[in-house]
Amino acid sequence: MLAPAKHRFSVTEYYRMAEMGVLRPDARVELLDGEIMDMSPIGPFHGGVVNRLTRLFTLHAKGRWLLSPQNPLRLNDRSEPEPDVMLLRPSPDDYTNRHPQAEDVFLLVEVSDSSLAIDVEKKLPLYGRAGVAEVWIVNLEEGAIEIYREPHFNGYGARTILRPGDQARPQAFPEAVVDVAELLKR
């Protein structure tokens, strides 16, 4: 007797479900390894931290990257998450003809509160396997920034945890300093 198996969807099927109304237009979902996952509601602290990162990275950009908050990232044919913030390679069309892919990402940031388990257990391995160079998980519950570098098939080879009093610096742009205490103040 065969054990029941999950049906895994492709990105094409995922978009077709949205077009056909199977997924509501206002549905907060993302496709992770073929599974359609509900996204957690965005609370005020989470939203405020995304706003702070957006403001800070906009000030430092100077045309070197395109700031992309809460937009899709095409990892492969079965995964299209929507990270909170991405610093992307500039594109002449601002990614109007395709979603960015892993090689387009300088830095990806997930702001995590109730979504921490999914961000660490599901998304992080997908980002590493796809080759996203650097991922920050802003852990609101622990008051820390977890920095992941050295992507490989199972995730990341290097992990650093920064707390208030520390400064986070994107590997590609070390002068774009993020003060952990300032980012996480309420």
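Two strands pair if DSSP finds at least two bridges between them. Strands (E, at least two residues) and helices (H or I, at least four) are DSSP runs, numbered from the N terminus. The model is predicted: local features need pLDDT of at least 70, side-chain atom pairs count only at pLDDT 80 or more, and totals for chains, interfaces and linings use all residues. Residues are numbered from 1 along each chain as its sequence is written, and side-chain values use heavy atoms, with hydrogens and water left out.

**View 1. The β7–β8 hairpin.**
Strand β8 covers residues 155–162. β7 and β8 pair in the antiparallel sense, over seven bridges. Two residues lie between the strands of this hairpin. Which residue of β8 is the bridge partner of glutamate 146? The partner is isoleucine 161.

**View 2**
Glutamate 134 stands opposite arginine 149 in β7. Four residues lie between β6 and β7 in their hairpin. In the turn, glycine 143 has a positive phi of about 65 degrees.

β6 runs over residues 134–139. Is this strand mostly covered or mostly exposed? It is mostly covered: six of its six residues are buried. Buried means under 20% relative accessible area, exposed means over 50%, and partly exposed lies in between (1.4 Å probe, protein chains only). In a regular strand the side chains alternate between the two faces of the sheet. Here Glu134, Trp136 and Val138 point one way from β6. Val135, Ile137 and Asn139 point the other way.

Strand β5 (residues 105–112) pairs with β6 in the parallel sense, over five bridges. Glutamate 110 stands opposite isoleucine 137 in β6. Helix α3 (residues 116–130) makes a right-handed β-α-β unit with β5 and β6. Right-handed means that, with the strands pointing away from the viewer, the path from the first strand over the helix to the second runs clockwise. Valine 120 has its place in α3. Its relative accessible area is 29%, so valine 120 is partly exposed. Valine 120 and isoleucine 137 are 17 residues apart in sequence. In space they are 8.1 Å apart, C-alpha to C-alpha.

**View 2. The largest pocket.**
How much space lies in the largest pocket? About 260 Å³. On a 1 Å grid over the protein atoms alone, a pocket is an open set of points where a 1.4 Å probe fits, with protein on both sides within 12 Å along at least five of seven lines; lining residues have an atom within 4 Å of a point. Grid points are joined across faces, edges and corners, and a volume is the space filled by probe spheres set on the points. The lining of the largest pocket has 20 residues, and Arg28, Glu30, Met39, Ser40 and Lys123 lie nearest the centre. β2 (35–38), β5 and α3 each give two or more residues to this lining. α3 gives the most, with three residues. Six lining residues are nonpolar, five polar and nine charged. Ala, Val, Leu, Ile, Met, Phe, Trp, Tyr, Cys and Pro count as nonpolar, Asp, Glu, Lys and Arg as charged, and the others, Gly among them, as polar.

**View 3. The second largest pocket.**
The second largest pocket has a volume of about 210 Å³. It is lined by 13 residues, with Tyr14, Ala18, Leu23, Val29 and Glu82 closest to its centre. Helix α1 (residues 11–19) gives the largest share of this lining, three residues. Nine of the lining residues are nonpolar, none polar and four charged.

**View 4. Aromatic pairs.**
The structure holds six aromatic pairs. The rings of tyrosine 14 and tyrosine 15 have their centres 5.8 Å apart and their planes at 80 degrees, so this pair is edge-to-face. Rings of Phe, Tyr and Trp (its six-membered ring) pair if their centres lie within 6.5 Å; planes under 30 degrees apart count as stacked, over 60 as edge-to-face and the rest as tilted. Tyrosine 14 is buried, at 8% relative accessibility. Tyrosine 15 is partly exposed, at 30%. Ring pairs also link Phe57, Trp65, Phe106, Trp136 and Phe173 into a cluster.
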